[in-house]
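Thanks for coming, everyone. Please have a look at the structure, and then I will walk you through a few of its parts.

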Amino acid sequence: MDTIEQALAGWRRSLLARFEVGGLYSRNPTAHKWKAPFRSLMLREVVFWRLHDLLTQSYTLHQQGHGLGARILLRSGVETLSILIYLNKLTEDVLNGILPFHEFSKKTSSLLLGSRNGMTSLSSINIVTVLEKCDKLYPGLMAMYADLCESAHPNYEGMCMGYSHIDYEEHVIEFSNHWTEMYDSRHLESMRLCMMTFDEEYNQTWPKLFERLEAWIEKNDVELEATKPS
């Protein structure tokens, strides 16, 4: 069992199966009469569930030699990771007085309940916009995502590079699947980077910001009540 397989197994054991919402209110009644902190907690956990699912499948396909599918799933994993990074940045912006709390609340609603097909009444936030924000915190994240997009889309890399080889001397085109040979070693390294970044945001950044947010809400509750949307 290699390090990625071990890490994914550890993630599986750590997935939160149940949470009593009343526990939040007991923890801090003032902070948790507002819905944004709960949405933040829920976002954190559904990101964990989705990222574990995507990366487990990506790893399995990679091990089986299905390079294209592995990369497409990793691309979705990077998108999913970016939601947690973005959420943490929004929380920090509230604490630093950059983002109004009620605007933060709206954004948590869009992140959790937004859709593109009309399934919900809220529109989802454009994922490229989210990734661009995240790239400022993790330079290179957007470049990795763009590289994965080249594989996912039916353009030059996704079509010609992936499935053909031109012999210019013999004027012959040979067709075969090149995905494993193109990205075999790079794929696992990208997975490790994605997982390390998630561990930092999930286990270190989010808990500290969440505690600070609770204290900030309690301190500013009167003002929040006076300015809440009607």
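This is a predicted model: local features need pLDDT of at least 70, side-chain atom pairs count only at pLDDT 80 or more; totals for chains, interfaces and linings use all residues.

Residues are numbered from 1 along each chain as its sequence is written, and side-chain values use heavy atoms, with hydrogens and water left out.

Confidence first. pLDDT is the predictor's confidence in each residue, from 0 to 100. The protein has a mean of 95, and 100% of its residues reach 70 or more. Helices here are DSSP runs of H or I with at least four residues, strands are runs of E with at least two, and both are numbered from the N terminus.

Now the rings. How many aromatic pairs does a search of the whole structure find? It finds 11. Rings of Phe, Tyr and Trp (its six-membered ring) pair if their centres lie within 6.5 Å; planes under 30 degrees apart count as stacked, over 60 as edge-to-face, and the rest as tilted.

Take W11 and F48. Their pair is edge-to-face, at 5.6 Å centre to centre, with 80° between the planes. W11 sits in helix α1 (residues 3–14) and F48 in helix α3 (residues 36–63), so the pair links distant parts of the chain, 37 residues apart. Both residues are buried, meaning under 20% relative accessible area; exposed is over 50%, and partly exposed lies in between (1.4 Å probe, protein chains only).

Next, Y163 and W179. Their centres are 6.1 Å apart and their planes at 70°, so this pair is edge-to-face. Y163 is in helix α8 (residues 156–163) and W179 in helix α9 (residues 179–219). Y163 is partly exposed, at 31%, whereas W179 is buried, at 1%.

Ring pairs also link W11, F48, F198 and Y202 into a cluster. The charged end of R44 sits over the ring of Y202, 3.6 Å from its centre. For that, NZ of Lys or CZ of Arg must be within 6 Å of the ring centre and within 35 degrees of the ring normal. R71 lies over the face of Y183, at 3.5 Å from the ring centre.

On to the core. A nonpolar core is a set of buried Ala, Val, Leu, Ile, Met, Phe, Trp, Tyr and Cys residues joined through side-chain atoms within 4.5 Å. The largest one has 48 residues, and W11, L55, F101, F104 and F198 have the most contacts inside it. Helices supplying at least two residues each include α1, α3, α4 and α9.

S58 is in helix α3 and is buried, at 0%. S58 is in contact (heavy atoms within 4.5 Å) with A70, L73, L74, H187 and M191, leaving aside neighbours within four places in sequence. S190 belongs to helix α9 and is buried too, at 18%. With residues up to four places away not counted, S190 touches L74 and M144.

Last, the hairpin. β1 and strand β2 (residues 172–175) pair in the antiparallel sense over 4 bridges; two strands pair if DSSP finds at least two bridges between them. H165 stands opposite E174 in β2. Between the strands lie 4 residues, and H171 takes a positive phi near 55°.
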